[in-house]
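Biologist: Can you put the model up? I'd like to go through it with you.

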Amino acid sequence: MNRHVILGGGVAGRRAAEVIRKRAAEAEIVIVDEQEEAFYYRPMLGELLAGKLGPEQIISRDKERLSQLGVKVLAGTQVASLDPKAQEVVLGSGERLSFDKALIASGSRTEKIAGDDGKGRGIVYLDTLPEALYMASLLGSARNALIYGASLQAINAVRGLRARGIDCSLVLPEERFWQGVLDPIASEILEDRLNQEGVTLIKQTEIKDLVWEDGELKGVIPSKGEKLPADLLVVASPQDPRLDYLKGSDLVGKNGVVVDQNLRTKYENIFAAGDVAGLPAVHTGEVLPQPGWLSAWRQGNMAGLNMAGQEAVYSGFPSLRTKALDLDVVCLGLSDPQGEDVKEESGDYPYDELPYIYKKIVYKDRRVVGAVFIGDASEAGAVEGWIRKGLKADECDKKVLDQMFLPRLQASSALGALCPICKFQMQLGEQVEDGSIETCPACGVRFRLDRMPNGAFRAVLGD
Ligand SMILES: Cc1cc2nc3c(=O)[nH]c(=O)nc-3n(C[C@H](O)[C@H](O)[C@H](O)COP(=O)(O)OP(=O)(O)OC[C@H]3O[C@@H](n4cnc5c(N)ncnc54)[C@H](O)[C@@H]3O)c2cc1C
């Protein structure tokens, strides 16, 4: 019997298990995950902090699904190392698990800030449900909160803190918000929205030291200016791939576990998917992490197909899909490129009528290579296809371009709605109406459709 061992039971690992089972009814499939809890939607942790959703609402409804599929899950079990040559995974207990094929899907996490030995009270990392619950338990007594960094965790922390009426400041090492992903206009829009929410931005500043008193955090010492008082610090610096059990392994490159377009590592029978993987971006071929929920789901899907013996090619590129407070944000491919061969096209969005709306397409050598959507991402699915196919400007659908750049045009509901979890753009059938319950074809979450005043649909978790 073929044994497939999956290291990590997040969105990438679970999706791969489902796909393998569909194509290999007899295969033994084992997921090893250090997490005790049932599978849950990490992008919803901010809603949990805000008190809008309870833990039971962000835990996947189909928690029995894997056991129904005959997938064995070793929950609460850590992987200590992986021996590619012996084809064995060593568990924390010392037990060895042999495999015919393995998938590395251990995700990423926030690195600890210097000075935090884990013993004091007042520092939180928002990577997991237990960490979100711990943070929620501190909110009752918090008065001054600092968020350090601008990862997706930062925006979730802002959501929770402001909903509970706690003052917060965002300390950013960079010059502007989501620098490197957003262009200056888009950064300014989000900074403006954060200011409106009552968040103070402290830019181009690093945290040099932590100030403790009797084991409780009292503030931080910034790289410039005076001590910043804080009784809560949310560390939201960029994520690092989870590679602790792969120390010294030849599987690891500078951007995670290196894989090709089949998600295969240098070992024929070992694959990697999700935040832990570094893979070639379509067109440029540059090996980069392509983190994010939808990317992880898609990579898990492709890795699963290849592990089941199919030849499936993953053609993705870095993207960012999230909700920043109440604004949908989708950045695709090269969203803030420089250079003479780059041309950008954007609409004229009147701020007083359409605050926080911004859309842009980036062309390089006349081909679509990137896009930014803020506030409304109705056309993101179509544009993503153009980037993947490398369409030239004059090959793009004019109706979609008009809808993007003529902001007063009534939105076409035929373009679909964004999934509240993974931000996949779903095509909606003619029969959908306000209140319809649908399932995302990408991540499988169920949601309700609310019709917005411009005719477009918005997907909301829960029914
Ligand atoms: C608060 C928050 C908000 C987010 N918001 C968004 C968003 O809006 N949009 C978006 O696209 N993405 C968002 N993300 C990121 C998204 O959740 C990740 O990109 C996605 O979960 C990656 O999936 P994955 O399967 O690669 O890894 P994960 O979901 O991290 O799963 C990896 C699993 O591996 C396990 N593991 C790790 N090491 C070991 C080991 N040694 N032994 C055993 N098990 C191990 C972990 O416990 C974990 O369960 C957010 C994340 C957080 C935390």
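Predicted model: local features only at pLDDT ≥ 70, side-chain atom pairs only at ≥ 80, totals over all residues.

Biologist: Ligand, then. How many residues surround the ligand, and which are the closest?

Modeller: The ligand is surrounded by 32 residues, and the closest are Asp33, Val79, Asp275, Arg321 and Thr322.

Biologist: How do the residues of that shell divide into nonpolar, polar and charged?

Modeller: 12 are nonpolar, 13 polar and seven charged.

Biologist: What lies 3.2 Å from an oxygen atom of the ligand?

Modeller: A polar side-chain atom of arginine 42. Backbone atoms take part as well: a polar one of alanine 12 is 3.0 Å from a ligand oxygen, and a polar one of glycine 292 is 3.1 Å from a ligand oxygen.

Biologist: And how much of the ligand does the protein bury?

Modeller: The protein buries 95% of the 1,000 Å² that the ligand exposes when taken alone.

Biologist: Which elements give two or more residues to the shell?

Modeller: Helix H1 (11-23), strand E2 (28-33), helix H6 (152-163), helix H8 (293-307) and strand E23 (319-324). H6 gives the most, with three residues.

Biologist: Switching to rings. How many aromatic pairs does a search of the whole structure find?

Modeller: Four. One of them joins phenylalanine 177 and tryptophan 178, with 4.7 Å between the centres and 35° between the planes, a tilted pair. Phenylalanine 177 and tryptophan 178 are both buried. There is also a cluster, in which ring pairs link Phe39, Tyr41 and Trp293.

Biologist: Back to tryptophan 178. Where is the place of that residue?

Modeller: Tryptophan 178 sits in the loop between strand E11 (167-171) and H7. Its phi is positive, about 50°, although it is not a glycine.

Biologist: Why does tryptophan 178 count as buried?

Modeller: Because its relative accessible area is 7%, and the cut-off for buried is under 20%.

Biologist: OK, charges over rings. What lies over the face of tyrosine 356?

Modeller: Arginine 193, at 5.8 Å from the ring centre. Arginine 193 belongs to helix H7 (residues 184-196).

Biologist: Is arginine 193 buried or exposed?

Modeller: Buried, because its relative accessibility is 10%. The side chain of arginine 193 also makes a polar contact of 2.9 Å with the side chain of aspartate 326.

Biologist: Now helix H9. Which residues of H9 are buried?

Modeller: In H9, residues 380-389, the buried ones are Ala380, Val383, Glu384, Gly385, Trp386 and Ile387. Just after H9 comes glycine 390, with a positive phi of about 65°.

Biologist: Last one. Where is the place of methionine 426?

Modeller: In strand E29, residues 425-426. Methionine 426 counts as buried, at 3% relative accessibility.

Biologist: How many residues apart in sequence are methionine 426 and cysteine 440?

Modeller: 14 residues apart in sequence, with 7.0 Å from C-alpha to C-alpha.

Conventions
Residues numbered from 1 in each chain as written. Heavy atoms only, no water. Phe/Tyr/Trp six-rings, centres within 6.5 Å; stacked < 30°, edge-to-face > 60°. Buried < 20%, exposed > 50% of the residue type's maximum accessible area, 1.4 Å probe, protein only. Lys NZ or Arg CZ within 6 Å of the ring centre and 35° of its normal. Near = heavy atom within 4 Å. Polar contact = N/O pair within 3.5 Å; in protein donor to acceptor, adjacent residues only side chain to side chain. Areas by Shrake-Rupley, 256 points an atom, 1.4 Å probe, with all protein chains shown as cover. Helix = DSSP H or I, 4+ residues; strand = E, 2+ residues; numbered from the N terminus. Nonpolar A, V, L, I, M, F, W, Y, C, P; charged D, E, K, R; others polar.
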